[in-house]
Amino acid sequence: MRKGGGASVTTQNPRPLRADARRNRDAILSAAMAIFDTQGIYAPIDCIATAAGVGNATLYRNFPTRNDLLAAVVEKSIVEVIDGSTELEHTLSADDALREWLQRVAWQLRIWNDLPTCIATSIEDSSSPVQDVATRLTERTRHFLDRAQRQGSASDSVTADDLFELVTAVSWAIDRFGDGPGRARDRVALATAGAFRPR
């Protein structure tokens, strides 16, 4: 499962699931997304299985660990964010596209309590199933940052890794302080101001 500088996301998929197995997997993912949203990523796994209408054995057959389940839920979410970022390249300047991308990443990562912590931990943990998600978000950040640096609107001293780590930290604050969309945008803009050259 790897990426390039563009918005496309390529995954290595196992052989197709049977229809009933696919329904179970989709039900588990939907239940996990809803429960992570309200109870945080450390919500009891039993609750997710119950909400999905499946037994624990079925859940663990699909997702052996909590991190496997979290990675799948986050994957489903960030694919939409990455795919949706294609429009930024066609409708905004390199400067504004980078700013908007950082806003979207911070807002998306804030959705589940403690997700930013999990993402931050995965960056240095090659065994974490969530690491691939962090890597692809970092690479997409690099794509927008490179464009802005080539056009002279972003500082050459800033790296994509540092910028993504910063936005991950800001997403934690957005969640903890209960920011609405407007306040979240202000927080991201303030935190990342040093990455841009004065207009």
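A residue counts as buried when its relative accessible area is under 20%, as exposed when that area is over 50%, and as partly exposed in between (1.4 Å probe, protein chains only). At 15% relative accessibility, S155 is therefore buried.

The model described here is predicted: local features need pLDDT of at least 70, side-chain atom pairs count only at pLDDT 80 or more, and totals for chains, interfaces and linings use all residues. Residues are numbered from 1 along each chain as its sequence is written, and side-chain values use heavy atoms, with hydrogens and water left out.

S155 sits in the loop between α8 (131-150) and α9. Helices here are DSSP runs (H or I, at least four residues), numbered from the N terminus. Contact means heavy atoms within 4.5 Å. Setting aside residues up to four places away in sequence, S155 touches Q149, G194, A195, F196 and R197. Its side chain also makes a polar contact with the side chain of S157, at 2.8 Å. A polar contact is a pair of N or O atoms within 3.5 Å; within protein, one must be able to donate a hydrogen and the other to accept it, and residues adjacent in sequence count only if both atoms are side-chain atoms.

Two packed helices are described by the angle between their axes and the distance between the axes.

On the α6 side the contact includes L98, L102 and W107, and on the α9 side it includes L163, F164 and T168.

Elsewhere, T58 lies in helix α3 (residues 56-62). T58 is buried, with a relative accessible area of 15%. Leaving aside neighbours within four places in sequence, T58 is in contact with N24 and I28. The C-alpha atoms of T58 and N24 are 7.9 Å apart, although 34 residues separate the two along the chain.

Methods:
Helix = DSSP H or I, 4+ residues; strand = E, 2+ residues; numbered from the N terminus.
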